[in-house]
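Please read it alongside the sequence and the structure.

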Amino acid sequence: MERWLEAERDQLFLWLPVALGAGAAGWFVLPGWREWVALMLLALGVASAAAASWRGGRAAPFAAMLGLAVATGTGLAWARGDRVAAPTLDRPAVVRLAGMVEKVEPLPARGLVRVTLGALRWERRPRRVPLHVRVSLPQRAVPATLGAGATMMLRARLMPPAPPAVPGAYDAARAAWFDGVGASGRGFEPVALRGLGAPGVRDRLTAHITAALPGSVGGIAAALVTGDMGAIEDSDSLAMRRAGLAHLLSVSGLHITATVGIVMAAVLRLLALSRRLALTGRLPLVAAGAGAGAAIGYTWLTGSQVPTIRSCVAALMVLAALALGREALTLRLVAMGALVVLLAWPEAVVGPSFQLSFAAVASIVALHEHPRVRAALLARDEPWPRKWLREAVSLLVTGAVVELALMPIAVFYFHQAGAYGAIANIVAIPLTTFAIMPSVALALLLDPVGCGAPAWWLAGRAIALLLWIAHTVAALPGAVRAIPGMPLGAFATLVAGGVWFALWRTRWRYLGLAPLIVGAAWTLATPAPDLLVTGDGRHLAVRQADGGLALLRDRAGGYVRDALAQNGGIDGVPGLLSESREARCNRDLCWWQRRVAGRWRRVLATRSGYTVPAVRLATLCAGADVVVSERYLPRRCRARWLTLDRATLARTGGVAITFADEHVVAVRTRSDEHPWITAAEAPQHVPAHKGRQELRLCRHRPRLPACAGAPRDRRAVD
């Protein structure tokens, strides 16, 4: 081991951010403070034992470093979660409020404007008062003078931050917790504004670009310059994702690199016109300084988001290495960038943005650091056709490696894997770097003197070509394969194997292929769930005999449909349970049955808020394996296996069920003590008059089959 670590001595530092991130991820994965303390004590015990046993060599210091980093990562994440604590709304409410506008996000493609309000004043204060709320308003209702600093008064329907609808879905509650947002919702007209807001430079620049280039073309141009993607049509955004080009729309390393490169090239060319300056030999340093200023300014302009800050830090490190005469593009640079981000924002480790960007950069650098790859792709004097072919092969190989590195992350978070992303990026990345971004920058520079129209025309044609590539690739057969939710253990195994394979340099690196194979086999062997139930109990999707999904309610929102389809592993729109041959439905109940793994499985679900006679409901419940309802069910209504009513789902959140092995996965466990979970928990109170209200509702619809002979027994209503 000592000989191996001596041979890998240059790679040992790379494991410091890995261990730090593993500790932070452990805090998010483990449920409660006992497990968090146990992890920290275990890591510190390993570090102490390694330090006590050190008699020279590298193994003991390496183990001590890893132990201390894991404990530090867990502590940083724990402290960060407590430090950003803020009240969250406890229940949905329609309120009147006034607040100072902190952030304005136009979404013209959806006809909305998203506004973040702070310094809130309430007409009737809720029990728990959020410090910040995020409200979506119709675009027509927003005054033209809206901007940061103004005071807005409105009526809005606010909701607490939503947990994942089903296992594997997006956790909006966790994201809102670290953003400090305690509620979100929809505002109603009219909206009153007091004081004049000052639109920021970013907002004015976005409006200027979308005015010059209408539609999604202008939205993509604005996304590249300011990071605002609100003007991109949903169909075009979907095509970019399916073609593997969505990373071009999120301001990250590619955009920072292009900005720094354009500024450095321009400064070098302009200053080289002076013979005196050119002969000093310091123009590269001056150009590097200008590039650093451009990177910092671009990061500020695009809103200083964590991915952009991460890319800016990496760019500044590259420029510093160039100024010092050191090799810039190394895995040490990637490790330093990850270390800076994790120390400042440990919650980034569980976000797809952090994982995608660092996986892409690390795979690129690791590939081109390999001696054989470097020798094969090294620039040399040769005819231009062979040179261009070598560059094309380099792009193709790099794109394929990046796609393989990003595929587990895309499957885990987005439940789909692309097939042609590497091919599409061969054209899209050079087109964006050398045509779209320079032409947009040139147009913005020429607009003050009224000469930007030709550059805008060129930028529009280039972006239109990019959209054509995206739609063409997305329409190819097999462009995207939908994959159901990946188990967390399989994802961790794949990540461990990939990191091991990328960071070591000796032949021991090939041991990382074993966890990669195990993780991939684990993922492929995991069956798609047969039943998905949302946390509110209103929606469910069941697996049909043909492999598709059928939804309980005929009118389900787009978010619910997408969440159930993606986590159910289908690429398309789910069908309706009321139209399925395997189900019998009326306006209040649905009964579904199908033979799974040699056994009949039966599901009963309520699909309205009206009462059902207790005797009939109890009979149906006794014959069902699973009963699902958004209401409190009477005690006599109990399924043979699993009853998911309002009380149960309040504890478990959304549920995914596989009938073949009777495996149940819930969004959260009873012992989950993460702050965004505990802050959302509130005592469930059922008003005493609830039964009489629902009975009166039933009287308003006396012809419904479920209302015939509606019982007066309150247990049947609850």
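## Helices α7 and α18

In this predicted model, helix α7 (residues 215-226) packs against helix α18 (residues 453-474) at an angle of about 100 degrees, and their axes are 9 Å apart. Axes are lines fitted to C-alpha atoms, for helices over the stretch in contact, and angles run from 0 to 180 degrees between N-to-C directions. The angle makes α7 roughly perpendicular to α18; angles of 65 to 115 degrees count as roughly perpendicular, under 35 as roughly parallel, over 145 as roughly antiparallel and the rest as oblique. Helices (H or I, at least four residues) and strands (E, at least two) are DSSP runs, numbered from the N terminus.

From α7, the residues S216, V217, I220 and A221 take part in the contact, and from α18 the residues G460, I463, L466 and L467. Contact means heavy atoms within 4.5 Å. By type, these residues are 6 nonpolar, 2 polar and no charged. Ala, Val, Leu, Ile, Met, Phe, Trp, Tyr, Cys and Pro count as nonpolar, Asp, Glu, Lys and Arg as charged, and the others, Gly among them, as polar.

## Helices α13 and α14

Helix α13 (residues 331-344) and helix α14 (residues 352-369) have axes 9 Å apart and an angle of about 165 degrees. The two helices, α13 and α14, are therefore roughly antiparallel. Their crossing is left-handed, that is, the near helix is turned anticlockwise from the far one by less than a right angle; clockwise would be right-handed.

On the α13 side, L331, V334, G337, A338, V341 and L342 make the contact; on the α14 side, F354, F358, V361, A362, V365, A366 and E369 do. The contact of α13 with α14 comprises 11 nonpolar, 1 polar and 1 charged residues.

## Helices α2 and α19

Between α2 and α19 the angle is about 175 degrees, with the axes 12 Å apart, so α2 and α19 are roughly antiparallel. W15, V18 and V29 of α2 meet L488, V499, W500 and L503 of α19. This contact has 7 nonpolar, no polar and no charged residues.

## Aromatic pairs

The whole structure holds 22 aromatic pairs. Rings of Phe, Tyr and Trp (its six-membered ring) pair if their centres lie within 6.5 Å; planes under 30 degrees apart count as stacked, over 60 as edge-to-face and the rest as tilted. W15 and W504 form a tilted pair, 5.2 Å centre to centre with 35 degrees between the planes. W15 lies in helix α2 (residues 15-29) and W504 in the loop between α19 (488-503) and α20 (513-525), so the pair ties together parts that are 489 residues apart in sequence.

## Backbone details

The peptide bond from E189 to P190 is cis, with omega near 0 degrees, and P190 is in strand β5 (residues 183-194). A597 is not a glycine, yet has a positive phi of about 55 degrees. A597 sits in the loop between β13 (589-596) and β14 (599-606).

## Confidence and conventions

The chain has an average pLDDT, the predictor's confidence in each residue from 0 to 100, of 84, and 92% of the residues score at least 70. Over residues 682-718 pLDDT stays under 50, and the model has 58 contacts beyond four places in sequence for them. Where pLDDT is low, the predicted coordinates should not be read in detail.

Residues are numbered from 1 along each chain as its sequence is written, and side-chain values use heavy atoms, leaving out hydrogens and water. In this predicted model, local features need pLDDT of at least 70 and side-chain atom pairs count only at pLDDT 80 or more, while totals for chains, interfaces and linings use all residues.
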